[in-house]
Amino acid sequence: MKLTLLLLGLIFSLGAFAQSSMRRCTLLPITDSVGGAIGYKVFEEVESDLKKRNWCTYVSNSSMISVFSKYRENLPQYLKTKEVLATVADKLKVGSIIRVAIVNELNSVEVQMDVYGENGEDLYFSEKTVLNRDDIEIISQTIANWLDIYAKTIPYDAKINGILGDQITLDVGKGYPIQIGQSFVVKRPIAKKKHPLLKKIVDWDTEILAEGKVFNISDNQALGMVKVYKSDQKLKAGDWVRLEPYKQEVINDPNLGKDKEDEKLGTLGILSVALFGSSSSVDTSTPTGSNRMSGNLFGIDFRVEGWITRQYFAALELMRNLGSLKAKSGSPEKDSVSANNGAFKITGGYKYLPIGFFYGPQIDIYGGYANYSFDLANSEVDGFGKNNIYGLLLGVAANIPINREWRFFTQAEFLPFPSFSEDDKIYGSSSSASALDLEIGVKYQYTHRMTIDGSIEAMSRKAKFSGAFKEVSYKDNLLKLGVSFNF
């Protein structure tokens, strides 16, 4: 349990934001001097426009409406306080807080827009103008024009929000103009420059840390590879990324346009095959005493996983092992018994990708059906025979990159309400049963489409009874070696 919690903590930390990006924005309630008659309509127009833009991932303030409503009479003053702005930024995880105030005069209307940073104190942008009429469209268009100007002053295109060796993930806005193969520069801000009179942030001093290229894109994130490091300092979440103008590379390749199957990543799923040896034992509690048989079994594990979408998957696993077990304790009638055991699992679940790509960490949460079968040479007096432990299966798995070639994985599965059945009618109905399966291992990226896998697995299945035969218990410790193919 402690290991699982540690892994979860590591995975979530990889996706955490050090600071909210200025390209995540929210619009505060727009105040006016006529009881909201103008402000509300302008808000609707500006918010609708922001949702269509690609410079900013817009976050609605609807979750805070109930808070704002408590201060309706003094809202303009309330929205000017540093503490309120910082609270809004923290709750909504935004780096640009847009505040608009409208004041109606006798024959004109004054419009002011300020954009603050996540600390509620840094003023990034401020404009004020007087319009000769309170037309909703004119006011809204004026604000939209100011936002266009502000977007061009943001000193970066994205921020780093995940790091794995030379790979970095970038929090770009949905639809933001970015291309696979586009070069970028990683910078770190070291000082802010404020206007001496306006107190507005007008520039930043930065240090160049690295250069690289984008090699994958999703809806709200991009994946980049660092090619050159310009500083001894390590990259960290929150560093700035500035995209270079995109240049289409012309590659003189006679095979251009042909499929290169060995260079294409799988898009449908994974097929895994592993051979294993196990140290296995079976314990029975019979009317004549307790018996234990143990030995080494050998087998094969076959698993296929299909991706329904990027997040949802289904899987089928078949396992079979063979061998013989010898008497280790008690007084069994037979000195050894042959064993032919297996497992059948069919599952489906959700794949959580903290940084948005299969290259990064993955957590699988899944459920389904499992049937563990046991076939020992029949000996009724010793409690050996054919039986099954089966039922609903629940599981969680984590797959974490160590570096570009190696990945660590672990999984835990159990049957919350297992059932017991048998062919030889030795035990009768069970009073309780349990099944637990734990696995930990590593994967080596041998080619683009193939990994070499190694793991150790511990399996324990047990059933208890209220009759003369009290218990049967199966334990296996497996050492597995196999390969996985993307298809």
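By class, the lining of the second largest cavity in this predicted model holds three nonpolar, two polar and four charged residues, where Ala, Val, Leu, Ile, Met, Phe, Trp, Tyr, Cys and Pro count as nonpolar, Asp, Glu, Lys and Arg as charged, and the others, Gly among them, as polar. Before I go on, a word on conventions: the model is predicted, local features need pLDDT of at least 70, side-chain atom pairs count only at pLDDT 80 or more, and totals for chains, interfaces and linings use all residues. Residues are numbered from 1 along each chain as its sequence is written, and side-chain values use heavy atoms, with hydrogens and water left out.

Let me stay with the cavities. A cavity here is a set of points, on a 1 Å grid over the protein atoms alone, where a 1.4 Å probe fits but cannot get out, and lining residues have an atom within 4 Å of a point. Grid points are joined across faces, edges and corners, and a volume is the space filled by probe spheres set on the points. By this rule there are four cavities of 30 Å³ or more.

The largest cavity has a volume of about 80 Å³, and among the residues that line it are Asn341, Gly342, Ala343, Tyr372 and Asp476. At least two lining residues are supplied by each of β14 (312-329), β15 (336-352), β16 (362-379), β21 (450-465) and β22 (471-486), and β15 gives the most, with three. Sorted by class, this lining has five nonpolar, four polar and two charged residues.

Which strands pair with β16? Strands pair if DSSP finds at least two bridges between them; twelve bridges join β15 to β16, running antiparallel, and 15 bridges join β16 to β17 (residues 384-401), also antiparallel. β16 and β17 form a hairpin with four residues between them, and Gly383 in the turn has a positive phi of about 85°.

I turn now to charge pairs. The whole structure contains 23 salt bridges, each being a side-chain nitrogen of Lys or Arg within 4 Å of a carboxyl oxygen of Asp or Glu. In one of them, Asp239 meets Arg188 with the closest N and O atoms 2.8 Å apart. This pair links distant parts of the chain, 51 residues apart, with Asp239 in the loop between β10 (222-229) and β11 (240-243) and Arg188 in strand β8 (residues 183-194).

Are these two residues buried or exposed? Asp239 is buried, at 1% relative accessible area, and Arg188 also counts as buried, at 10%, given that buried means under 20%, exposed over 50% and partly exposed in between (1.4 Å probe, protein chains only). In the salt bridge of Arg133 with Asp135, at 3.7 Å from N to O, Arg133 is partly exposed at 48%, and Asp135 is partly exposed at 26%. Finally, Asp301, Glu439, Glu457 and Lys480 are linked in a network of salt bridges.

How values were computed:
1 Å grid on protein atoms, 1.4 Å probe; cavity = no way out; pocket = protein on both sides within 12 Å on 5 of 7 lines; lining within 4 Å.
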